[in-house]
Structures are given as C-alpha cells and as structure tokens.
Amino acid sequence: MLSRAGRRIERQVAAARQAFSTEFDHGRFFLASPVFLGAGAVAWFKLSVDVPPMQLLAWAVLFGFVFILAGATRVATRRVAVAGLLVILGMFAAQLETWRADTVVLDTPVTTTVTGRVERREGDDNGRWRYIVRITRTDEPALKRPPSQVSLVARAGEPISAGGWLTGRVRLTPPAGPALPELNDFAFSAYFDGIGANGFFYGIPQSIPSQAGIVDLSVADRAVGWLYGLRSSIGDRIRSILPGDTGAFAASLVTDERRAISNETTDALRQSGLAHIVAISGLNMALSAGICFVGLRLFFGLFPGFAQAYPTKKLAAGSALLALTAYYMISGFAVSAERAFIMMAIMLVAVLFDRPSISLRNIALSALLIMLMSPSEVLGPSFQMSYAATLALVAGFAVWTKRRHRESVFLTHPAIEPVMAALRFFGGIALTSMIGGFSTALFSIEHFHRLSGYGLPANLLAMPVISFIVMPFGMLAMLVTPFGLDAAPWTVAGFGLDLVIDIAKMVSGWGGSVDIGRIPEWYFALAVLGFLVWGLMRTRLRWIGAAGAALATLVVILLPAAPVPELVVSEDGTLVASVKSDSLASNRERPPDFIFGQWQRALAIEDHKPPDMLKGEALPIPKRGEPRPRLTPKQQREARAMMRDAAASTSDSGFQCLKTAWCMTALDSGYVIATLENAAYLGPACDVADIVITPVRLRQATCRSGAMLLTGETLRRSGAVEIRIDEQGAPVVKTAYESLGRPWMRHRAYDWRNDSFSDDPSPTSDAATQ
C-alpha cells in the first residue's frame, strides 16, 4: 500500500516537472519578465529612502556573475539570476525616472503673482478653465523655490489659447497627499507629471505679449505647444457642433478633455461601469485601429486586381498604424492613451511582419516598454486595470480557441445563421464584459474601494452603440473636418452618445454601486500574484494561481476585520470626522467631496452627519500678519464652560460648533475632541479636550494640559491622520507619511524662512505620537 502511494507521488512530481518544463519551453519566462521588472519598480517606490545607485550596481554585478558561472546546464539557476537582474533593472528605471522628473514641489500654500506660458488648457461644464502653466516669474512675493509647472483654474474670462502667455494673482497649494493612510498619494503622480502646485486665479488672468524672445523655447516645446493648440481647437469645434454633455463626451473621445462633462453624467458613467469609455484607452484605440484596418481591407477587396497584386493586409495595417499615431498625437499624451497606443502599435507591427497580432508576448513587450519609460505608472490604477483586463481577455481568448465545439446542422441552416450571428456578437460582448469586470474588480477595490454591480448589462447595452455608431461616424467626422463637412457625421455620433448617456443614467439609477472599503496590503499582493500565475501559464499549473487567490480571499473574509479608526483628520487639519458605525460626523456642514468622498469609500460609510451650529459670538479670525487675539480671563471661563457643555451633549451625535471658532465632539471611547478654526481658543480647548486639532501653523507643539495637539505644522509633516483608542484606553495614531525621505514628499520638510530642509525626515512629532 505504501509503495502504491509512493508511486502515485512520483507520478505527480514527474507531472509537475513536465508541466514546468512545458511552461518554460513555450516562452512563459519571457511573459513573466514584466512582472519582475515591475516588482523592482514597485519595491523602489515603496522604500522609505532612496537606494544608493552603487548598491544597485553591486547587486546587478552579483546576479550577472551567478548567470555566467551557472553555465548552460543549470537552467533554473540562470533564470533566477535573470529574474534578479530584471528586478534590479526595474529599480534602476525607477531611480532614473525620478532623477529625470526632478520636479520642484511647492512646500506650503502661498498667494503670489505668476507669469508664465500656457502649456495646455481644458474647460469644464461651468465655464471655468484649467490651465497648465509653465512659470517664468513670481512676484509679491517672489518664491525661493518656485515650481516650474502648475495647474491653475480660472473661474471667468476669455480663455487663453495654448502657447499664449498670461499673468495673474493666484493662490497656490502643494499637491494633495493621501486622504487617509494607505490611500492614493496624489503628490506622487503630480511629481512625475511635472506639476509642482495646484491653485486658482483671483479674478481674471490677463493675457500678455509673447515672451518667446525672453524665454528660450526649444523645438520640442514649440511642437508640443502646436499639438496642444490643435487639440484645443478640435475640442472647441466638436463642442460647437454638439452642445452640452453630448459635445463634451464626444470631445473627450478625441482629445481626452473630460472636465467639460457634467458631474451628473460623470457619476452616472462611473456608477454604471461605463467610465472606461470616456478615457482614451485600449477600447478607443482598438476600435479606431480596427475600424480603419477592417474598412481598408474591405475597400481594397472591391478591386480584385489590386488585392491580388499587393499585400493589402499589410497596407491596411500600415494605414491603421498611421491613423493610430495621429489619434495619439491629438489625444493629449495621456498615460492611458500612451499605453494603449504602444500596445496597438506592437500588434499592427506584428501584422506587418506576419506575426500573430493578439498574443501574450505582444502584451509583455508593450508592458516592458512602458515600465522602462515610465515605471511610476506601475503603481497607478490605469496601468494595473488596463493590463489586467488585457491579460485576462487574451488568456481567455486562447482558452476559447482551443475548445472543442460542434455545431448541429440546424444551427448552420441559412435561416438560423443571422440569429446565431447576433447571439455570437452579444455573447462576445457579454463574455468580454464579464472577463474584464472580474479581472479588474480587485484593482477597483484596491484603488477606488468600490464595485459596480451592473457593469455587465450597461456594457451589453452601450457597446453596440459605441462600436457601430459613435466610433465609425466619429472617425468619419475627423477625416472630413479639414473640408468643413464634419457637422453631419458628428450629429450621428452625438445621437449615439446621447443613447450611451441615457443608458448610464438608467443603469446608475438601479443602484448596485457598492462601497467595499480598504483591503489589506498582503491580500492585494497575494491576489495579484495568483491572478498573474493564472493568466501567464498555459498548463494545469495555472490553477495554482486561481487556488491561491481564492484561498487568500477566504482568509481575508474569515479573519477579523482591521480595527476601524474613531477619528480621521485631513492633512491640513481643516476637515475632521468622528467615525460612527453608521455615519461620519464631520466638523464641516459641507465637507469637500475630494477628501470626504474618499473617506466614505475607504471606510465604507455613506451617511454624513453635519455639525450642529451653536449660537454665540466668537473672536474674529486674525488676518495674515496680524497678532493673534487673546481671550480675557472671563472669556476663557465662558469658552471653557461652553466647550464642556457641547462635548457632554455629543456622545450620540456629531460635532457641535461655534462658527469660525471651534467644534467639540466625544468619541465612542469617551475621548473629547476639539477642532479650532481660531487659535485664540487653544487654551480652553486644551483644558477640556483630550485631542486638539487646528489647521493653524503654531510654533507650540504640545498642550499645557498634556492633551494631544495636532497643528497645521505637525499635519504638514505627517499628512492625514487616523486615530483609534486601544483596549487600554491609549490613542493609537497612524499617519500617511512615516518619513519624508523620498523626492515627491521631501517638500514637506522644507522651511522657506531659512531656505533649507529639516535634518529630521520623520513627519511625526511627540505631540502626534504620544
């Protein structure tokens, strides 16, 4: 009996070895190379400090020696060495991209006058314009570390064209960090996009004469400026033909200008699972290239002599590649468009060289190119979701083509064939939507903490409209635009877009958008690894990945949930919320959706409880440069009593606030929280509360009573904060930043008074960690 079991184990081991040999013999190691390269990039970006280049070089030399010494016979050892070299190469690529970006990020909010050149612009549905401005000068005050490029919003005035020059009084703020620890760091993406600050104009920006003679512009700058000007003119032309959301939607499909779409339509597209249509990504690029390729092949087929004499398939592929390149050039060079362009270009080039166009090898090659050029994109949701969907679709297509299928004589009857063709078409859309939805669900939860429950029916209804009405007539409109004949095709395309908008609003009205909340980092890593194993392997070994992902999912479901914070604080201290089981009680009647919406999704709590406003008079908030007013002893006693009464009455409700002065609340654990808009009330607040929060940049680091104090200065260095009270009744503080040693967060340690960076990179102070 034992020998029989032993033979069974030997057979299983031999089968496993054979499966591994089959995987490697079919080039699966090359397919995994983007995984190793991306792992190196992710590891470098996640580290708290930069890795010395000489250390990376030493590791690369070590793996190189291992590869050489292993010889040709030790294949497994050589593959391990190559995997290590790819990881190091990914880290090198991340380091080089960081050096290449070298973005100067604004360190603190400031009001100044800027003069600069408009790199690009984009309007929204409220008549506002967003400008990307390359700054050439700042005045009143002149900034010591001015960012080279900023994003500014103008609320009124005639738009200034791309390539034009402007000046105006602006309010600049640094790019936002994570809304909560472990959420998306917008400062990271802004750093690699070259955006050093965000802000808005006070009043109308003034157009000024060109300073091209004063400021040197390279040929590349002029070319990019011309392309952005062409892009803006195309968007304006489309919106002049199709008004409202229809024109904004159509312009977004061509130029990737999405701000003009109303919030209502944007929310409907997002909740219905149709937001991917708006972004210029794989769908748009594939449809445009596919329509051009298939259309030209059909056109060439009308001339049999020409089709027999020339390689019409390659001519169609070359023409589609030219059209695809033109589409990418006017799309604004968005990351999703760049990625889709590279992927589709590789597929079309494969046709030119008589290679399979749809293959995992082409996907791996495009991923390698993007990771080497822009490794920071590996951490973004756009990259992850796009390649997850593409990998799943191509792997699923490979499985589908290998299946054995038999069709009965009845199904091939001429009368039944049209019905079967329609069923195949809609079945293909349904299958594609299901595969795409399942493959991107994990990444949607990780980055957006939300799932759309009705993405399948929405795509079933919308995709035929996009494929047969919007994209074909949109391409025709672009082809005839130079002749001024684009109005009619755009009208037909607009009709299709109206249908898509109606579908999105109808499906979003069904509900089904579910907030999931944050998931553990270990689970995300294991689930992604399992998905990659399933998608990249071709033998039965692929089910190891599926089983691993399923097991990790089961564990995360059965394990106790992570402790929920009782208090969350924004990175500037202006927005604070106490976390209840069924609501978020904030200290703002109308909290900004940019931050508060992320809190709701990350904590899976939709209900908002605004504060109760108390009657009473408060000291005025001092203007900039004015001394801080002080309370008289009587005012201090009155404020202290009023704060105690407010805290005592908020155990089951939200904040109680005295306008422009302070807010009080009590957590479920009994801790009393005070938020201050006016720092004159700091003394009474410290006497009454256990935790005091103010956005004011105070030099004082602690409360005289020993209460925890979070000020604008400490929050600037720590970022957003979560606080929970443990079983012993002690506050546990979690900050967005554990250190400030990376280039995209280093600006938080800058002191403009002495033009230097703090020697201590730690963002937390004693007040924030006691």
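This is a predicted model: local features need pLDDT of at least 70, side-chain atom pairs count only at pLDDT 80 or more; totals for chains, interfaces and linings use all residues.

**Talking through the model**

Colleague: Is Thr103 buried or exposed, and what is Thr103 in contact with?

Modeller: Thr103 counts as buried because its relative accessibility is 10%, and the cut-off for buried is under 20%. Once its neighbours within four places in sequence are set aside, Thr103 has contacts with Tyr191, Gly194, Ile195 and Gly196.

Colleague: And Ala156, where does that one lie?

Modeller: Ala156 is in the loop between β3 (149–154) and β4 (165–173), and it counts as partly exposed because its relative accessibility is 38%, between the 20% and 50% cut-offs. Not counting residues up to four places away in sequence, Ala156 touches Ile204 and Pro205. The C-alpha atoms of Ala156 and Phe201 are separated by 9.3 Å, and these two residues are 45 apart along the chain.

Colleague: Let me step back to the whole protein: how many helices and strands are there?

Modeller: The protein has 25 helices and 22 strands, and of its 770 residues 47% are buried. The accessible surface comes to about 38000 Å², with 62% of that belonging to carbon and sulfur atoms. If you take the contacts between residues at least 6 apart in sequence, 66% of them join residues that are at least 24 apart.

Colleague: Pick a helix for me; what does α2 reach from its first C-alpha to its last?

Modeller: Helix α2, residues 28–46, has 19 residues and reaches 27 Å between those two atoms, which is close to the 27 Å expected at 1.5 Å a residue. Several of its residues are buried, among them Phe29, Leu31, Leu37, Trp44 and Phe45, and the buried set also includes Arg28, Pro34 and Gly38.

Colleague: Changing topic, in what order do the strands of the open sheet with β15 come?

Modeller: That open sheet has six strands in the order β13-β14-β15-β16-β17-β18, with mixed pairing. Its edge strands are β13 (612–614) and β18 (708–710), each of which pairs on one side only. On average, neighbouring strands in this sheet are turned by 20 degrees against each other, direction ignored.

Colleague: How do β17 and β18 pair?

Modeller: Strand β17, residues 691–693, pairs with β18 in the parallel sense over three bridges, and the bridge partner of Ile691 in β18 is Met708.

Colleague: Back to β15 then, how many of its residues are buried?

Modeller: Five of the five residues of β15 (residues 662–666) are buried, so this strand is largely enclosed by the rest of the structure. Both of its faces are covered, with Trp662, Met664 and Ala666 on one side and Cys663 and Thr665 on the other. Helix α22 (residues 633–648) lies across β13, β14, β15 and β16, and it runs at about 40 degrees to β15.

Colleague: What are the strands β15 pairs with doing?

Modeller: Strand β14 (residues 656–658) runs antiparallel to β15 and is joined to it by three bridges, while β15 and β16 (residues 672–676) pair in the antiparallel sense over five bridges.

Colleague: Which residues take a positive phi in the two hairpins?

Modeller: In the hairpin of β14 and β15, with three residues between the strands, Thr660 has a positive phi near 60 degrees. In the hairpin of β15 and β16, with five residues between the strands, Gly670 has a positive phi near 100 degrees.

Key:
Residues are numbered from 1 along each chain as its sequence is written. Side-chain values use heavy atoms; hydrogens and water are left out. Buried means under 20% relative accessible area, exposed over 50%, partly exposed in between (1.4 Å probe, protein chains only). Contact means heavy atoms within 4.5 Å. Helices (H or I, at least four residues) and strands (E, at least two) are DSSP runs, numbered from the N terminus. Accessible areas come from the Shrake-Rupley method with a 1.4 Å probe; for residues, only the protein chains shown count as cover. The expected span of a helix is 1.5 Å times one less than its number of residues. Two strands pair if DSSP finds at least two bridges between them. Axes are lines fitted to C-alpha atoms, for helices over the stretch in contact, and angles run from 0 to 180 degrees between N-to-C directions.
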